[in-house]
Amino acid sequence: MVILSLYRKEAPAISKKTRDHLIAYSFIAPNFIGFAVFTLAPLCFALALSLMKWDSANPIEFVGFDNYIRLTSDKQFLRALSNTAVYTVGVVPVTLICSLGLAILLNKPTKGRGFFRTVTFFPYVASLVSLAAVWNFVFNPSRGPVNALLNFVTGIPFEQLPRWGASRDWAMFTVILFSVWKNMGYYMVIYLAGLQGINPELYEAASLDGANARQKFRHVTLPQLAPTTFFVMIMLVISSFKVYDIFLNLFGGNENQLNDFTRVIVYQIYNTAFRIWDFGYASSMAIVLFIIVLTVTLVQFRGQRKFDA
Amino acid sequence: MSDITLKQRRTIRPGRIFLYLLLLLLTCAMILPFVWMLSSSLKLNKDVFTFPMQWIPENPRWANFSDIWQRIPLLTFVFNTIKLSVIVTVLQVVTSSFAAYAFAKLRFKGRNALFLGYVATIAVPWQTYMVPQFIMMRQFGLNNSHLAIICLQAFSAFGVFMMRQFYMGIPDDLCEAARIDGLTEYGIWARIMVPLSKPAVSTLVIFTFVNTWNDFLGPQIYLIRTELKTIQIGLRMLISQYTSEYGLIMAASVVTLIPILVIFLSLQKYFVQGVATAGLKG
């Protein structure tokens, strides 16, 4: 009897808690099911797949670290790795400097400031395929307006002018220029937010101390923007290592293929998985990419803590 | 006093002129490729590369804009892209804001662990697991279908994270008061959280929409059949097939840029706010 009444008393309390939990899970479920099936599951599968040999026609075979060992002597992959690194080393500082410069310029009270901001931000949202198409025409080595203008101004014959995307020496330069042009507006907006977060009293104090514009930039603006710069840099490094569509659209040609001077990591993954159907080997490349991005992210976590403290 | 202002004005002026010159130069660098695109889209192929350049074509060839609809199924591509972008955006915003409410305002077992799982995957590039994802989709029979793109785009961890951060800023008292007034949790979400989170929702809508619209690698992997293609890979197909149809390619490029331009110009405020907050919070 006593037990029964106790049970009765507690029963609604337990079911209320369970009900609350169930309600909470019902909120999460629609997103979580999709997330678990289409992100978490393949993510776990990726690591396992990198230890397999599988071309989808023959049965899966466990090969241990063979795929990774093969990577170390794969000339194409090493080439892709070094191209991606060169691209990153070029894009990160140039984008950083250009977007900071733009932000400072467009933070000043000028007429038509809103218009300038719109104009610099638009390439970031505009579709890459169209932009790359124009870019390829404008930088066409033998007929494009850029070389025509260079030829007209300097008098250097077309054969001696840079062959831009079509040449080994200038391809990397061309893609870096394009990437900076397309993306600097985005990072400019982040910098603008950072600039507006600086306490104006700091500038007033600097003025009272007799600092000129350059000194204020060096001793107030730059240090105050350090967390923003750090964040922008990390974002840029990560997105540069994941680069693919810019290279394919600028250099892919009619066959959508990249050569030794333009291949990048993600292209190599795509090619190995979806053209050669070597899923296991492609996954080992993907894991290498993952390790690179993870390392950069960990550096960011440590740095963020330093800035927050 | 007036002496000082006069002096200031005099010293500022050359700087001002330089500033505006710089801005003008910058604007040219940003805009000229677009102007060139528009101008070339109205030219015959043989006139595209004439030098000195003719910015306003003498005999604008409007036929380029009618020809492209016949050369490639551009209308189908536009329709596919709109369909995918709208479905993905709606799914993404509804499911993430739904899940974010539980993460921000409800207590349940495993909340923190689950949320940590979400956050951790934000840092993982999609390219890492796109191969196993493809194998899975193929097992489900989803390759070469729009459903594949919808499934892989609609449930991103980033949306949940962003909405949750916004909901954390809404005071708990508000929900508590609503509970006392007899609203269910679903009611609180629909009547209080959703209306209050308009800025976050609009940011998420824009970013998801533009990302889906401009996505390249996803459609390249999954949408092989021509009638399934989106504008991006459809345009890419046109460029590879008709390499030297310069006018036509430019006309198609102009057409594909117009919707994004309209969306961008009308919602620019939210774009800028979104980048700024996402950027600052990291």
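The points below take up the interface, then a pocket, then the salt bridges.

1. A word on the source before the rest: this is a predicted model. Every value in this note is computed from that predicted model.

2. Let me start with the contact between the two chains. Chain A brings 89 residues to the contact and chain B brings 87. Together the chains bury about 8,000 Å², and carbon and sulfur atoms account for 77% of that area. On the chain B side, B:Met30, B:Phe49 and B:Arg236 provide 9% of the area buried against chain A, more than any other three residues.

3. Next, the polar side of this interface. How many salt bridges does the rule find across the interface of chain B and chain A? The number is 0. Polar contacts do occur, with 18 residue pairs counted between chain B and chain A, both residues at pLDDT 80 or more. Helix H13 of chain B (residues 246-281) supplies 18 residues, the largest share of the side of chain B that touches chain A. By residue class, that side of chain B splits into 62 nonpolar, 19 polar and 6 charged.

4. The lining draws on both chains: helix H3 (75-107) and helix H9 (213-224) of chain A, and helix H1 (2-40) of chain B, each contribute at least two residues. Which of the helices gives the most to this lining? That is H1(B), with 7 residues.

5. Finally, the salt bridges as a whole. Over all chains, the structure holds 10 of them. One joins the side chains of A:Lys16 and A:Asp20, at 2.9 Å from N to O. Both A:Lys16 and A:Asp20 sit in helix H1 of chain A (residues 2-49), 4 residues apart, or about one turn of the helix.

Conventions:
Residues are numbered from 1 along each chain as its sequence is written. Chains are lettered from A and ligands numbered from 1 in the order in which they are written. This is a predicted model: local features need pLDDT of at least 70, side-chain atom pairs count only at pLDDT 80 or more; totals for chains, interfaces and linings use all residues. Side-chain values use heavy atoms; hydrogens and water are left out. Contact means heavy atoms within 4.5 Å. Buried area is the accessible area (1.4 Å probe) that two parts lose on being put together, summed over both. A salt bridge is a side-chain nitrogen of Lys or Arg within 4 Å of a carboxyl oxygen of Asp or Glu. A polar contact is a pair of N or O atoms within 3.5 Å; within protein, one must be able to donate a hydrogen and the other to accept it, and residues adjacent in sequence count only if both atoms are side-chain atoms. Ala, Val, Leu, Ile, Met, Phe, Trp, Tyr, Cys and Pro count as nonpolar, Asp, Glu, Lys and Arg as charged, and the others, Gly among them, as polar.
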